[in-house]
Amino acid sequence: MCIQGYLQQHRVRFEAMLHRPESTASRRAHSVHVPGDQVAKGVLIRADDRFVLTVLPSTHRVDLERLALVLEANRVRLATEDEVSQVFVDCERGAVPPFGRLYGVMTVVDTSLAAWAEIVVEANLRHEDLRLRYRDYEAVEEPLRARFARPIVPKRSRSAGRQAG
């Protein structure tokens, strides 16, 4: 189902934002001129024998050990690209909207996103984002809230640790 149609059905107001397709959520944030921790990214996880959709800021990554504790799962791993395509059948390859409920998948959102009045999320296409109120997202999705994300540490340049001598 079209994410925009899904939100309209639930009477959720949003703003569509078109941009060039980007390879990462952080680049999406830059493209739509929004702070990276306000842009939510969806990451599909395989927890034991089920899929779980995690939703976290684009500036963070999933801490699989912490998530395993939250989900009380023995084995937790990132889903493969093929598995993502099998779950999000109506989405462009690489697009992962944060609405697991729509796809029959449990959703876990990192608590840090709740700090924002508005968030930007991916729709069905890689070049389309939607800005909506966080509280509306949570009301429609009813995700489990947990702390499972940690900041992505930027790569240091090769010369950063060298001293002239």
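Arg 61, Arg 66, Arg 147 and Arg 150 form a patch of positive charge on the surface. Such a patch takes residues with over 30% relative accessible area and no salt bridge, and joins like charges within 9 Å. A salt bridge here is a side-chain nitrogen of Lys or Arg within 4 Å of a carboxyl oxygen of Asp or Glu. Lys and Arg count as positive, and the charge of Arg is placed at CZ. The model is predicted, with pLDDT of at least 70 needed for local features and 80 or more for side-chain atom pairs, while totals for chains, interfaces and linings use all residues. Residues are numbered from 1 along each chain as its sequence is written, and side-chain values use heavy atoms, without hydrogens or water.

Arg 66 sits in helix H3 (residues 64–71). Its relative accessible area is 34%, so Arg 66 is partly exposed (buried is under 20%, exposed over 50%, partly exposed in between, with a 1.4 Å probe and protein chains only).

Glu 83 belongs to helix H4 (residues 81–87). Glu 83 is buried, at 13% relative accessibility. Beyond its neighbours within four places in sequence, Glu 83 contacts Leu 44, Phe 51 and Arg 77 (contact means heavy atoms within 4.5 Å).

The protein chain has five helices and ten strands, taken as DSSP runs (helices H or I, at least four residues; strands E, at least two) and numbered from the N terminus. Of its 165 residues, 46% are buried. The accessible surface of the protein chain is about 9,500 Å² (Shrake-Rupley method, 1.4 Å probe). Carbon and sulfur atoms hold 48% of that surface.

Note on methods: Patches are made of residues with over 30% relative accessible area and no salt bridge: like charges are joined within 9 Å, nonpolar side chains (Val, Leu, Ile, Met, Phe, Trp, Tyr) within 5 Å.
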